[in-house]
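Here is a quick tour of a protein model, taken sheet by sheet and then helix by helix. Have the structure open while you read.

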Amino acid sequence: MKKVAILGSTGSIGTQTLDVVRNNKDKFEVVAISANRSVDLLLKQILEFNPKYVAVYDEESANKLKEMIPKDVNINILIGMEGLVKISTLEEVDVVLTAVVGMVGLVPTIEAIKAKKTIALANKETLVTAGELVMSEARKNNVKILPVDSEHSAIFQCLNGENKEDVEKLILTASGGPFRGKSKEELKNVTKNEALKHPNWQMGRKISVDSSTLMNKGLEVIEAKWLFDVNMEDIDVVVHPQSIVHSMVQFKDSSVIVQMGCPDMRLPIQYALTYPERLDTDFERLNLSKVASLTFEEVDMETFPCLKLAFDALKLGGTYPAALNSANEVLVNEFLNDKIGFYDIPYYIEITLKNHKNIVNATLEEILKVDKETRKFLKDLIK
């Protein structure tokens, strides 16, 4: 039985991870869970899964949870970053699934790697901001980093049993989000509610906005570079509105291997938790005759400049991707709070990159400093 710690158990990926556990109670034990502020849902998860530890990032919410816990429930309540690191490095934990959103996932993931835990990675920012550092630490500690994102899980599966030298290109698929086919003029005044209406996937607010700007795909390109140790020039993105082909690998003999399935995040979550095994599921089966057609389109980077900005940051290297990520986090939050418009996101990211002072081979401390300074720069700029 695998013992699991879930960072971000109340979010979209976290709740679906618990659904996988719920259906495989003989395979997994939840030792620890965490959340930021969602204590009502967290309490329900504690009562159902009986973890030994819970970490609450927000101190006020942690104190609220302490008052809500029934007296007969024995659990250790931890607070803040220290709490996240603690549950990520528990001796009894086998797998740490990181599903928190944002830079907050970086330090716990690195500490979990140092503690030689298998990482099921759903936190994009970890590799976007510190890919070289994280992968180096993973190699040093002989730790597996198993992708949870559907696109990276697809590539991971396509590469099974293949020689890396035979790979010519990784092809990430993008649904196109809620604004596929729209012109720049049509998108000038879109609202957050429109951006949050993803046509195929149920996701959290931040990742839904990232999908609408295609920044989500840009972050995935940067992730793929580090996860699979390929050059940026060997990563392509195509729009695939049906979200059935989750990604592809093209080989030097011209063969292309694809991984397909219904749009259900529980499948890549379960595969990351059970690898190299595959378990029976009651998930919907893919019926290609019902799907009828699979279509692919070129990405419109003029209408969706965030994807180009991600490629630019990756090409510049060093701490540029970290600055890109931090700027995007701030700006998506501002957009969700109705403080800026849709195209203000790429506008301010471009300004951030132009003003960024790059650091090559940055340490963890330097990356965290870049994150802090970028956030301050943007908040001052927006004011």
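Strand S8 (residues 167-174) pairs with S9 in the parallel sense, over five bridges. Before going further, a word on the ground rules: this is a predicted model, where local features need pLDDT of at least 70, side-chain atom pairs count only at pLDDT 80 or more, and totals for chains, interfaces and linings use all residues. Residues are numbered from 1 along each chain as its sequence is written, and side-chain values use heavy atoms, with hydrogens and water left out.

Helices (H or I, at least four residues) and strands (E, at least two) are DSSP runs, numbered from the N terminus. Two strands count as paired if DSSP finds at least two bridges between them.

The open sheet they belong to has four strands in the order S9-S8-S10-S11, with mixed pairing. Its edge strands, pairing on one side only, are S9 (235-239) and S11 (256-260). Helix H11 lies across S8 and S9, with contact meaning heavy atoms within 4.5 Å.

The other open sheet has seven strands in the order S4-S3-S2-S1-S5-S6-S7, and here the pairing is parallel. S4 (76-79) and S7 (145-147) are the edges, each pairing on one side only. Neighbouring strands of this sheet are turned by 20° against each other on average, direction ignored. Inside it, S5 (residues 95-98) and S6 (residues 118-121) run parallel and are joined by four bridges, and Leu97 stands opposite Ala120 in S6. Helix H2 lies across S2 (28-35) and S3 (53-56).

| Helix | Strands it lies across | Angle |
|---|---|---|
| H2 (residues 39-49) | S2 and S3 | about 165° to S2 |
| H11 (residues 215-227) | S8 and S9 | about 155° to S8 |

Now for H6. The axes of H6 (residues 124-140) and H15 (residues 320-336) come within 7 Å and cross at roughly 140°. That makes H6 oblique to H15 (under 35 degrees is roughly parallel, over 145 roughly antiparallel, 65 to 115 roughly perpendicular, and the rest oblique). On the H6 side the contact is made by Glu125, Val128 and Thr129, and on the H15 side by Pro321, Ala322, Asn325 and Glu329.

H6 also bends by about 105° at Ala130, the bend being the angle between axes fitted to the seven residues ending there and the seven starting there. Of its 17 residues, 12 are buried, so H6 is largely enclosed by the rest of the structure. Buried means under 20% relative accessible area, with exposed over 50% and partly exposed in between (1.4 Å probe, protein chains only). Just after H6, Asn142 takes a positive phi of about 55°.

Which loop holds Met103? Met103 is found between S5 and helix H5 (106-114), and is buried at a relative accessible area of 7%. Leaving aside neighbours within four places in sequence, the contacts of Met103 include Glu125, Thr129, Asn325, Glu329 and Asp371. Asp371 lies in helix H17 (residues 364-382) and is buried too, with a relative accessible area of 11%. Not counting residues up to four places away in sequence, Asp371 touches Met103 and Ser326.

Key: Axes are lines fitted to C-alpha atoms, for helices over the stretch in contact, and angles run from 0 to 180 degrees between N-to-C directions.
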